[in-house]
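This briefing is meant to be read beside the sequence and the 3D view. Please keep both open and find each residue as it is mentioned.

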Amino acid sequence: MSSGLVALLLLAGPVPARAAAADGTQPYASYWHPNSILNWDPATDPDARFNRSRVPLAARASDPALRANPNAHAGEGRIASLVSFAPTSNNPSQGAPDPNYYAFGYWQYIDTLVFWGGSASEGLILAPNATVIDAAHRNGVKVYGTVFFPPAAYGGQIQWVRDFVQKSGSAYPVADKLVQVAEHYGFDGWFINQETGGGTADLATEVRNTLRYARSRGPVEFMWYDAMTESGSVSWQDGLNASNDAFLQDGDARVSDTMFLDFGWSATKQTTSRTNARALGRSEYDLYAGIDTESNGYNTGVTWSSVFPDGQPHVTGLGLYRPEWTWKSSSSRADFHARDARYWVGANGDPSNTGTTSSWKGLAAYVAESTAITAKPFVTSFNTGQGDFYAVGGQRAGATGWNNLSLQDVPPTYRWVVQSAGTKLAPSIDFTDAYEGGSSLKLSGRLDAANTVRLYQTRLPVAADTRLSVAVRTPAAGPTHLSAAVSFTDDPATFVTLPLGDTDSTDWQIKTIDLSEYAGRTIAQLGLHVSGAADAYSVNVGRLAVYDGEVDAVPPPSELTVLGASSVSATRQSLRLSWTAAPGPVHHYDVFALDGSGTRVHLGGTTGDAYFVPRFDSPATQVEVEAVGVEGGRSSAVVAEVAWP
């Protein structure tokens, strides 16, 4: 029996008023009804500039020889993840001063992320905010917005579906807007969830025509949800069959790129769906068999063999509904990380060892990890996109909690794979110390044998001037017992260890290694190697980078402008800022407050050319913006005065 996706959504309250262009209030992610989107224009929407992602979709690779789990498959069934990061309305465009957030860190296992939401009372068409697009694209993951037509019981109106397919001559105006929104905001497509009853065969045909038209208007993709059938009725098929296959492929016309199959599938329906997809000239991996984990997470019963049979090719892909259960059900950030690890890599917290008595082995048991680290430079500070403070160059520059996925680094590919003949050290994300951002990598435990910690799968060619840099911090000055571990594509399983030497203080120290002797080879893996003996070993790694030559100088942005300010209290304002982007490649921009004594406080960051500051506190009188280059270098700051009423 299928209940559809809608029953798991909650209706929200009144829709808040949008910000006026001249004030300094909070911008939010965009949402509309079919008719209201026709009035959207990025030139007149004051929030549009704050919702725009500038991070292109990274190329991905996956070497089967380097997969952590020998049973996992690469290049077969993929994973689509439907995630509700926040309510439809009141979703801040660029993060918030709150560390409690679903900072997803297992991008290497998914192919597509659907920014899930929408409700009758707020809006049916929901565009992802820039932070999610930035993080996903940095990891080579596509992002879709959601178009949601609820059943009448949840406020749905069949007229909204008719509004969606309205025509003007030969054009479909709402489809044109879907393409415009995706292109302007920088995401990849839309998830179409049509669950409103009362349709007809003619209306179903027009829905397909709308999608076909949209595909002809720009590089936009569609994922169709198995609900509306070709007769116009809503009837979940739990598979691909003659009642719904025209929503995937209509003769020679590609209507949707993928289809999310509702939760009631079975082994028979799965094999039939595969047969039917192939008969249409489509791959069975364009289908995602849905599982609902919103309520029970990894305690959900799943017939895994019907999707990922042992020793055989995958039957279809897998669609995850609401994996953020791991965060919403957690009692703390540490609990969230433990639950998220169990969900994605299994009860042992190790994707290479998913053996368990539980039926939920973790997604890493079935789908091999991918990597988006296919070009230099590569820099990570192990920043998860949330924290209790913000560090810049090893110094704390912000003392308040925050979340912002635009600032998230590419997480480790292997989380965590440790090779040792003795006691294994425990890698973890440490939120008490950071070189850049809000976290670092910590290795700790009893050291009684050599440990190799596999971190990243890569495709990084080594040139004559390539360098590897590591920021390290030890509890006491002296031996680090630490080496960088590097393998190459001509022998990818064998690591070369490059010692990092000693520290002379307890401060962060940068160790840089010349890789010129390996010029002409390509780095396949990056990791860390620890040797020696210690009852209680501990080290923090705050940065790992591979780049050519010296760290490049970064030109600054210009024309920093305070677009608007709003009073929060007698000693606090919120601000909307904009600037002209720096020439050349930039990873992100950091925003600071500066008071008369010269004290700098980190206010946040963005990949774009506009930023909302929720807390600008007296006695600060200036804001500064610095460009941070792709190799980690920083520009000089551009400064603007902020008036106090």
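This is a predicted model: local features need pLDDT of at least 70, side-chain atom pairs count only at pLDDT 80 or more; totals for chains, interfaces and linings use all residues.

**Backbone details in loops and strands**

- H481, in the loop between β23 and β24 (482-488), has a positive phi of about 60° although it is not a glycine; with a relative accessible area of 30%, H481 is partly exposed.
- E559 is also a residue other than glycine with a positive phi, here near 55°, but E559 lies in strand β30 and is exposed, with a relative accessible area of 58%.

**The sheet that contains β30**

- Strand β30 belongs to an open sheet of 3 strands, in which the order is β30-β31-β34 and the pairing is antiparallel.
- Because β30 (558-569) and β34 stand at the edges and each has a single partner strand, one side of each is left without a neighbour in the sheet.
- On average, and with direction ignored, neighbouring strands of this sheet are turned by 20° against each other.
- Between β30 and β31 (residues 572-580), which run antiparallel, there are 8 bridges, and T561 stands opposite S578 in β31.

- Strands β22 and β27 run antiparallel and are joined by 6 bridges; the bridge partner of L468 is I513 in β27.
- I513 is also part of the covered face of β27 (residues 509-514), together with Q509 and K511, whereas I510, T512 and D514 form the uncovered face.
- P475 lies in the loop between β22 (466-473) and β23 (478-479), and P475 counts as exposed because its relative accessibility is 59%, where exposed means over 50%.
- The C-alpha atoms of P475 and D609 are separated by 39 Å, and the two residues are 134 residues apart along the chain.

- A80 lies in strand β2 (residues 79-83) and is buried, with a relative accessible area of 0%.
- Although A80 and T112 are 32 residues apart in sequence, their C-alpha atoms are 4.8 Å apart in space.

**Helix α3**

- The buried residues in α3 are V174, A175, K177, L178, V179, V181, A182, H184 and Y185.
- Just after α3, G186 takes a positive phi of about 90°.

- By class, the lining of the largest pocket divides into 18 nonpolar, 12 polar and 7 charged residues.
- The second largest pocket holds about 520 Å³ of space, and of its 34 lining residues the closest to the centre are T400, V601, H602, L603 and R615.
- At least two lining residues of the second largest pocket come from each of β17 (402-403), β32, β33 (600-606) and β34 (610-617), with the largest share, 6 residues, coming from β34.
- The lining of the second largest pocket has 17 nonpolar, 13 polar and 4 charged residues.

**The cavity**

- How many cavities of 30 Å³ or more does a search of the whole structure find? The search finds 1, and about 60 Å³ of space lies in the largest cavity.
- The residues that line the largest cavity are R60, Q108, N139, S370, T371, A372, I373, V410, P411 and T413, which divide into 4 nonpolar, 5 polar and 1 charged.

Methods. Residues are numbered from 1 along each chain as its sequence is written. Side-chain values use heavy atoms; hydrogens and water are left out. Buried means under 20% relative accessible area, exposed over 50%, partly exposed in between (1.4 Å probe, protein chains only). Helices (H or I, at least four residues) and strands (E, at least two) are DSSP runs, numbered from the N terminus. Ala, Val, Leu, Ile, Met, Phe, Trp, Tyr, Cys and Pro count as nonpolar, Asp, Glu, Lys and Arg as charged, and the others, Gly among them, as polar. On a 1 Å grid over the protein atoms alone, a cavity is a set of points where a 1.4 Å probe fits but cannot get out, and a pocket is an open set with protein on both sides within 12 Å along at least five of seven lines; lining residues have an atom within 4 Å of a point. Grid points are joined across faces, edges and corners, and a volume is the space filled by probe spheres set on the points. Two strands pair if DSSP finds at least two bridges between them. Axes are lines fitted to C-alpha atoms, for helices over the stretch in contact, and angles run from 0 to 180 degrees between N-to-C directions.
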